[in-house]
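Me: I would be grateful for a close look at a single part of this model, with its surroundings described in one connected account.

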Amino acid sequence: VFRVNYFGHTAYSSPLGEDAVAVISQLICDEGEILLINASEADISLLGGHFCLSEISSDRAWQDYLYTAASFKTYSGKKLSGQRNHVNKFKRLYPDYKVRLITEEDFPKIKAFLDEFNSKTEFLRWSEKVEQAKVFDLVQNMFNINQVGALIEVDGKVVAFSVGERIKNTLIVHIEKALTKYEGVYPTMAQEFAK
């Protein structure tokens, strides 16, 4: 089980291993009441049979998306037609855009990108401020922790980038940032990073 700071409160991840009930029992014994985050429906079902769950909520903004590699690389099919249309618009508007893997020489350009990205965002929530403070730190250390990244440039300017990692046959995207004034750049970045 992981203990984390969740919006200023101590929270715990769903326990991994054979006896989640015993782990939660010990935490409740030690603390009286706990906040559990990232619990699956199976976790909730299991724990609900043993403990009083006072509130269960889901925030769509914090959910992950899973795609097959083939559908993500092409955005084929009716379900992904919106993303495909945005990519096509981006390619029409910026036919000379460039996509490439991030190198250490790109860090100053990414820093300039983040400065612009952050300057356009006002009245950030606490969690967004924390995230933005950590993004460049991750970028600067990406090669030390076996991350891979790609960026999109328009006229030599970074307009989007992604950083993630490969685990076996899965690409986990940790960061994806883009300047939305470049219409269609987010789905284009996602697609190009998958490719």
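Reply: K177 lies in strand β7 (residues 170-178); strands here are DSSP runs of E of at least two residues, helices runs of H or I of at least four, both numbered from the N terminus. This is a predicted model, in which local features need pLDDT of at least 70 and side-chain atom pairs count only at pLDDT 80 or more, while totals for chains, interfaces and linings use all residues. Residues are numbered from 1 along each chain as its sequence is written, and side-chain values use heavy atoms, with hydrogens and water left out.

K177 counts as buried because its relative accessibility is 8%; buried means under 20% relative accessible area, exposed over 50% and partly exposed in between, with a 1.4 Å probe and protein chains only. Not counting residues up to four places away in sequence, K177 touches F113, F117, E131, V135, V159, A160, F161 and Y186, where contact means heavy atoms within 4.5 Å.

Helix α5 (residues 107-119) has F113 and F117 among its buried residues, which also include I110. Leaving aside neighbours within four places in sequence, I110 is in contact with I102, F136, V139, L151 and F161.

I110 and F161 are also among the residues with the most contacts inside the largest nonpolar core, which has 29 residues. Such a core is a set of buried Ala, Val, Leu, Ile, Met, Phe, Trp, Tyr and Cys residues joined through side-chain atoms within 4.5 Å. Elements that each supply at least two residues of this core include α5, β6 (157-167) and β7.
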